[in-house]
Amino acid sequence: MIRAVGRALAIFDAYDNEHLSLSLQEIAERIHMPKTTAFRLVNTLERAGFLIRMDNQQYCLSLKMARLGGLVRSTLSIREIARPVMLQVNEQTSETITLNTIVGNDRMVLEVVDTPAPLMSMARPGQHMPLYLGASSRILLAYMEPHDLERVVKANMNVPDFDRTAFDRELARFRRQGYAISRSQRVPGLTAIAVPIFDINGEVRHCLALTGPSVRVDSRDQELADILLVAGRDISTRLGASPEHSADLKLLMADTTADVPGLARERPAVKKAPARKKTAARVAQQ
């Protein structure tokens, strides 16, 4: 049953603004599914009223989808959507996890899940920082529209040692790899990793970040980046992002006995940080 549900959901992801109607063959090819399997699922979805078969033998989404879309809570905030994922990432990594957004030329912290360790980065909801230094700022800048990026550069980076060429190269690298990492960029001894969160329009106005002491983070930075990448796609999926920015529904097509189908397999396992018994020391957020 779980496998069938995953495959049926994958069919909906075959559609986008450039593919409003599809033949059975096109559906099967776009989601890499055997045609016989796609045929059975498409017929089921058509009978249930979620797909409509047109005269040209192509299928399109029905108005039933629009009705369900209208039931989505208009008051559902990004905090409510992201917090369950943030708690999960915090449990996996034992580091501080933040949700950040763009406000003018600043980065603002929207939500925080603190590390249980005494030595932690200090961040609080509502905190503002210029969009310049740190992984969170850099990943938001990396996906910013060119005219907005120029505005922020003029406002925040009017410093003598600013190297625009190196800055542009770094942003391009962050876009290619899908995450940003900074070490002691804002605060000595802190490392931060941040990933973009895509909305239904394919825009990045938020990011998810992990911040912690470099002595804990640097030795496992790639493992932590992998976890954040999965979490960012998870939140993007919940915001209605297109398939290229969303969680991989193919994972849901495999049989699994995990409590949360698909997610447990996708998230790499990371050993939790040992508990600290020393006197708590708090430092500013990266």
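Select L99 together with E111: the latter, in strand 5, is the bridge partner of L99. Strands here are DSSP runs of E with at least two residues, helices are runs of H or I with at least four, and both are numbered from the N terminus. What you have loaded is a predicted model, where local features need pLDDT of at least 70, side-chain atom pairs count only at pLDDT 80 or more, and totals for chains, interfaces and linings use all residues. Numbering starts from 1 along each chain as its sequence is written, and side-chain values use heavy atoms, with hydrogens and water left out.

Now widen the pick to strand 4 (residues 96-103) and strand 5 (residues 106-113), which pair antiparallel over seven bridges; pairing takes at least two DSSP bridges between two strands. They make a hairpin with two residues between them, and G104 in the turn has a positive phi of about 65°. Is strand 4 mostly covered or mostly open? Mostly covered: seven of its eight residues are buried, meaning under 20% relative accessible area (1.4 Å probe, protein chains only).

Next, go to N156, in helix 7 (residues 146-156). N156 is buried too, at 17% relative accessible area. Show its contacts (heavy atoms within 4.5 Å): leaving aside neighbours within four places in sequence, these are N105, P130, L131 and Y132. P130 is 26 residues from N156 in sequence, yet their C-alpha atoms are 6.6 Å apart. For L131, pick the backbone oxygen, which lies 3.2 Å from a polar side-chain atom of N156.

Then select helix 6 (residues 135-142) and helix 8 (residues 164-177), whose axes are 9 Å apart and cross at about 85°. Axes are lines fitted to C-alpha atoms, for helices over the stretch in contact, with angles from 0 to 180 degrees between N-to-C directions. The two helices are therefore roughly perpendicular, a label for 65 to 115 degrees. R138, I139, L141 and A142 of helix 6 meet F167, E170, L171, F174 and R175 of helix 8.

Last stop: an open antiparallel sheet of three strands, ordered 1-3-2. Its edges are strand 1 (21-22) and strand 2 (51-53), each pairing on one side only. Strand 2 and strand 3 (residues 59-61) share three bridges, and L51 has L61 as its partner. Finish with helix 3 (residues 35-47), lying across strand 2 and strand 3 at about 100° to strand 2.

Notes:
Parallel < 35°, antiparallel > 145°, perpendicular 65-115°, else oblique. Buried < 20%, exposed > 50% of the residue type's maximum accessible area, 1.4 Å probe, protein only. Polar contact = N/O pair within 3.5 Å; in protein donor to acceptor, adjacent residues only side chain to side chain.
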